[in-house]
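Please look over the sequence and the model before reading on.

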Amino acid sequence: MHSVENPKGMKPQLAQVRWYRIIPVVFITYSLAYLDRANFGFAVAGGMADDLNITPNTSTLLSSLFFLGYFFFQIPGAQYAAHKAAKKLIFFSLILWGALAAATGIVNDTTTLIVIRFMLGVVESAVMPAMLILLSQWFTKEERSRANTFLILGNPVTVLWMSVLSGYLIDSMGWRWMFIIQGVPGILWAFIWWKLIDERPMEAKWLTDSEKMELERRLQEEQVGIKPVKNYAEAFRSRKVILLSLQYLLWSVGVYGFVMWLPSIIKAAPDMNMVTTGWLSSVPYLLAVIGMLSASYFSDKSGNRSIFIWPFLLVAAICLFATVWLGPEKFWLSYVLLVIAGGALYTPYGPFFAAIADVLPKNVIGGAIGLINSLGALGSFAGSYLVGYLNSETGNFNASYTLMSGALVLATIITLLVIPNPKKLNIAPAKTF
């Protein structure tokens, strides 16, 4: 599709073909890269712990170790993606991820499993920031929340179908084949990714010269009102980056405490089998998909990011805490609250990452996204580890749910402090830092 000049002198329409050429490939890629974060929880609930003699404490460590590797290599990966090639980085990450994920299905001891889980985090650490940087080179501020949401939709959509599929695979073939079957597609997809994705608009043969120039001009215009930052050190010391990092850390405590341990929470209900656990575990992510699409659409339309972030985090906090008071004897009511919490936890992702690109200068956005995502990974590690630890030490989920709820309340407060409303952005765009 071609850019069309508006007769009234308005800006020409940007090429809509970008949405059909870039977004589906990005969505599938991130979906495949997300599989192993959630299927490990199903493997533990489905016999892996018994087969490998994994103690509850070791299981907790294994569930969270992925995020420790993810934490250490976020910033180098983001810098490479921003200044060299996001496309190449994701290509090699997919191949290595697929190989390590499949290898999880053939391990026979916990030491090897520990190494694989850590290395999976290292390999995957570059994917998320590289994807966000790639999208920021293809979509403008008015489009970015929706573009980011279609990327991050790979998260709940993957868990949605993976929950059902993993339940059936473990029930019929065992946890080992589940890992192998779900790991191989990542290797194959890497070559499709390389063929279909262009790094920047100027490299795309499927855009006209005028479409390329208009898109590049529009992206450069967005940076005019943002105060330049000398280097990463200055950016990392800024109040905004520090608070965004802390907010994402606390939010991730809730998200990955929920994701990693939801199958075990549901499986603990009376007369619950793995197939039913898989189906029930998928429902929160269906709600998440609806919420993410809606929030990103209205966030881009209104230009207001904050109002599509903090209310959902607060709702998730309330729902998680309410399950503590209901107790295990009211499983189905607790389950409804869990569904709402899961949907609310995922809904703000698109607006949140769009807000980062809205307020940070382009020369440091790679490292800043890496730092923010890195702290998110640390929160993911803390969430998945502490939730598992508290569950095993107390024998119930009350303490862990209270922890997740408290973290989300703090994330809500920080969101209100750090992400400005549209009026503030328009009044003082140069005072980002």
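## Overall picture

Of the contacts in the protein between residues at least 6 apart in sequence, 84% join residues at least 24 apart. The model, which is predicted, contains 19 helices and zero strands.

Of the 433 residues in the protein, 59% are buried. The accessible surface comes to about 17300 Å², and carbon and sulfur atoms account for 67% of that surface.

## Confidence in the model

The average pLDDT of the protein is 79, and 85% of the residues reach a score of at least 70. Where pLDDT is low, the predicted coordinates should not be read in detail.

The structure holds 19 aromatic pairs. One of them is formed by W138 and W206, whose rings are stacked, with 5.3 Å from centre to centre and 10° between the planes. W138 belongs to the loop between α6 (127-136) and α7 (141-152), while W206 belongs to the loop between α9 (175-196) and α10 (209-222), so this pair ties together parts that are 68 residues apart in sequence.

Are these two residues buried or exposed? W138 counts as buried because its relative accessibility is 0%, and W206 is likewise buried, with a relative accessible area of 18%, a value under the 20% that marks the limit for buried residues.

## An edge-to-face pair and its cluster

Y248 and F353 form an aromatic pair of the edge-to-face kind, in which the centres are 5.4 Å apart and the planes stand at 80°. Because Y248 lies in helix α12 (residues 239-267) and F353 in helix α16 (residues 349-359), the pair ties together parts that are 105 residues apart in sequence. Y248 counts as buried at 6% relative accessibility, and F353 is buried with a relative accessible area of 2%.

Which residues do ring pairs link into a cluster together with Y248 and F353? The cluster comprises Y248, W251, Y285, Y346, Y349, F352 and F353.

## A lysine over a ring

An aromatic ring can also have a charged residue over its face, as the lysine K87 does in this model: K87 lies over the face of W194, at 4.5 Å from the ring centre.

## Two further positions in helices

L314 is part of helix α14 (residues 310-326), and with a relative accessibility of 30% this leucine counts as partly exposed. Although L314 and A344 are 30 residues apart along the chain, their C-alpha atoms are separated by 8.5 Å.

S400 is placed in helix α18 (residues 398-418), where this serine is buried, with a relative accessible area of 0%. When residues up to four places away in sequence are not counted, S400 touches V387, L390 and N391.

Methods
Residues are numbered from 1 along each chain as its sequence is written. This is a predicted model: local features need pLDDT of at least 70, side-chain atom pairs count only at pLDDT 80 or more; totals for chains, interfaces and linings use all residues. Side-chain values use heavy atoms; hydrogens and water are left out. Helices (H or I, at least four residues) and strands (E, at least two) are DSSP runs, numbered from the N terminus. Buried means under 20% relative accessible area, exposed over 50%, partly exposed in between (1.4 Å probe, protein chains only). Contact means heavy atoms within 4.5 Å. Accessible areas come from the Shrake-Rupley method with a 1.4 Å probe; for residues, only the protein chains shown count as cover. Rings of Phe, Tyr and Trp (its six-membered ring) pair if their centres lie within 6.5 Å; planes under 30 degrees apart count as stacked, over 60 as edge-to-face and the rest as tilted. A charge sits over a ring if NZ of Lys or CZ of Arg is within 6 Å of the ring centre and within 35 degrees of the ring normal. pLDDT is the predictor's confidence in each residue, from 0 to 100.
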